[in-house]
Amino acid sequence: MALGVTPLGEKIESALSGNRRSLARLLSRIEEGETLELPEVTPWTLGVTGPPGVGKSTLIGRLVEYWIDNGEKVAVLAVDPSSPRSGGALLADRMRMDSTDSGESVFFRSLATRGHPGGVSHLLSPMTDLLCYCGWSRIIIETVGSGQAETRIVAFADRVLMVDGPDRGDIIQAEKAGIIELADIIAVNKSDKPGAKRAADSIRSSLELGNDKNLPEVHLVSAHNSSGIDELVVAIEKCSSPDWRNRLRITERLLSTWDSRLIMSDGLDGVLDDLETGSITLDEALDRLLS
Amino acid sequence: MRIVVAKPGLDGHDRGAKVIARALRDGGHEVVYTGLRRTPSEIIRIVTDEDVSALGLSTLSGAHDVLIPKICDGLREAGLGDVMVFAGGIIPNRDREFVFEQGVRAIFGPGSRTDEILSFLDACSDRIEKGEPIGVGQSAGWRWE
Ligand code: B12
Ligand SMILES: Nc1nc2c(ncn2[C@@H]2O[C@H](COP(=O)(O)OP(=O)(O)OP(=O)(O)O)[C@@H](O)[C@H]2O)c(=O)[nH]1
Ligand SMILES: [Mg+2]
């Protein structure tokens, strides 16, 4: 394919040949809403989510080291929220992963959610496609997992690792909200601290109360002393999502695409005006936007 | 703007860098914070992967005279001459001229007000928009004093 004839195509070729600058620039272009024409690819993706501060970034650092040692090329996309007030964002995940700051086999990119229609999530697909096309064989996406928008981001990874800490019990809360249904594997991190085993046990017994036969494995790990990491990687490598969970993810993808299409449609302002004055119903508004 | 705030070298003073990272976020910027003890080559690598337009260096340990030139040279060598570099922390008056000569556009010492730093970044955005080069590898001249 004659990718190289346009400036964008040249950038893609350059990224493909290993130029990090070009790859980084292309990811920005995608973030700005540009569409790249790429051959069909199947990226390997792992979503890592969980409450703030449980050690997601530190744990990802360990996974990165493991995979690099095994000859993989690992890319990490770490998503943090933009401040709704200022629009700014503090992207501090990479400070926990110094293994990502050198070496040719790892690429790390911080992403802010910005005001993207449908969330940043619908951009993750083209980003992981690009990374895969450029030879990145393991792609890890970190998001803070609380609330609807974050669930949606996780729906863009083919396998999902949910992380919890020793003294939070937040995952039990997550279960109430249904978010836990997206997890293929659960890791209770900070096993070097008291309370971690108890947290893992209570998550297990809580999961067993349901009638799902395909329970996610619960792993006890420590990103600090590396205990349980090898076993966790093996579990991640062999995990396959049950069909119904895949279906849930596809549903999320559909909803996110729907949202962004709706929010980007031309007549939106007019329809919102009419809704405000009450001259049309919500159903009529949708019909008009999608006609 | 998308900005990396970095702590180069063995300097363990991170309070100022964290204050600045927060303030820039509240001023509407996307800030990637590197954490402590990054080498010049790690910082160049982070600037590359994160595709930022500016790099803010925080140094309080007295090693600015070695680290800042290394980082600025490294950026130019890596083809990142369009990245704007600014600095803060403890940089004695006698060293300011030398640091500016490396291509640094502003130096903010102790007691600097965040609104002044934000005004500086606004001025940078304006210049970039107008096509006036302020990158570390682009014609020197303009500086914020
Ligand atoms: C608190 C402090 C510490 C704390 C640090 C805690 C921490 N996690 O940050 C501790 C006790 C650990 C410490 C240790 C040491 N310290 Co000390 N420390 C200080 C002190 C008193 C205040 C620094 C501070 O936090 N200020 C508050 C913050 C908000 O201000 P700031 O960092 O200056 O940041 C402002 C500006 O500089 C600027 N800024 C800073 N970074 C950036 C970056 C960008 C991009 C921008 C735009 C702006 C910007 O904006 C900020 C807001 O205005 C200073 C003296 C002083 N008055 O500065 C000495 C000082 C920095 N320390 C000093 C020394 C020597 C040490 C030690 C070597 C041992 C010692 N003798 O105490 C160790 C070394 C530690 C290490 N590994 O590096 C010297 C450095 C001398 C030098 N450069 O030549 C100083 C200047 C004291 C002195 N007069 O001798 N220190
Ligand atoms: N004791 C212990 N502390 C850990 C472990 N893993 C991470 N931490 C600490 O937990 C804190 C948070 O770690 P992060 O990796 O930033 O956690 P995170 O979940 O990515 O945080 P957010 O991205 O802010 O949601 C840091 O102080 C880590 O050093 C662990 O295995 N044991
Ligand atoms: Mg994190």
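Predicted model: local features only at pLDDT ≥ 70, side-chain atom pairs only at ≥ 80, totals over all residues.

Residues are numbered from 1 along each chain as its sequence is written, chains are lettered from A and ligands numbered from 1 in the order in which they are written, and side-chain values use heavy atoms, with hydrogens and water left out.

**Exercise 1.** Describe the contact between chain A and chain B.

Step 1: Start with the residues in contact (heavy atoms within 4.5 Å). Chain A contributes 27 residues and chain B contributes 24 residues.

Step 2: Turn to buried area, which is the accessible area (1.4 Å probe) that two parts lose on being put together, summed over both. The two chains bury about 2200 Å² between them, with 46% of it on carbon and sulfur atoms. In chain A, the residues that lose the most area to chain B are A:Arg21, A:Leu90 and A:Asp101, together 29% of what that side buries.

**Exercise 2.** Find salt bridges across the interface of chain A and chain B.

Step 1: Apply the rule: a side-chain nitrogen of Lys or Arg lies within 4 Å of a carboxyl oxygen of Asp or Glu. This gives 6 salt bridges across the interface.

Step 2: Look at A:Arg114 and B:Glu30, whose closest N and O atoms are 2.6 Å apart. Both belong to a network of salt bridges that also links A:Glu31, A:Arg94, A:Arg109, B:Arg2 and B:Glu50.

**Exercise 3.** Which residues of H2(B) are buried?

Step 1: Use the cut-offs for relative accessible area: buried is under 20%, exposed is over 50%, and partly exposed is in between (1.4 Å probe, protein chains only). Helices here are DSSP runs (H or I, at least four residues), as are strands (E, at least two), numbered from the N terminus.

Step 2: The buried residues are B:Pro40, B:Glu42, B:Ile43, B:Ile44, B:Arg45, B:Ile46, B:Val47, B:Thr48, B:Asp49 and B:Glu50. With 10 of its 11 residues buried, helix H2 (residues 40-50) of chain B is largely enclosed by the rest of the structure.

**Exercise 4.** Where do B:Arg76 and B:Asp73 lie?

Step 1: Both are in helix H3 of chain B, 3 residues apart, about one turn of the helix.

Step 2: B:Arg76 counts as partly exposed at 31% relative accessibility, and B:Asp73 is partly exposed at 36%.
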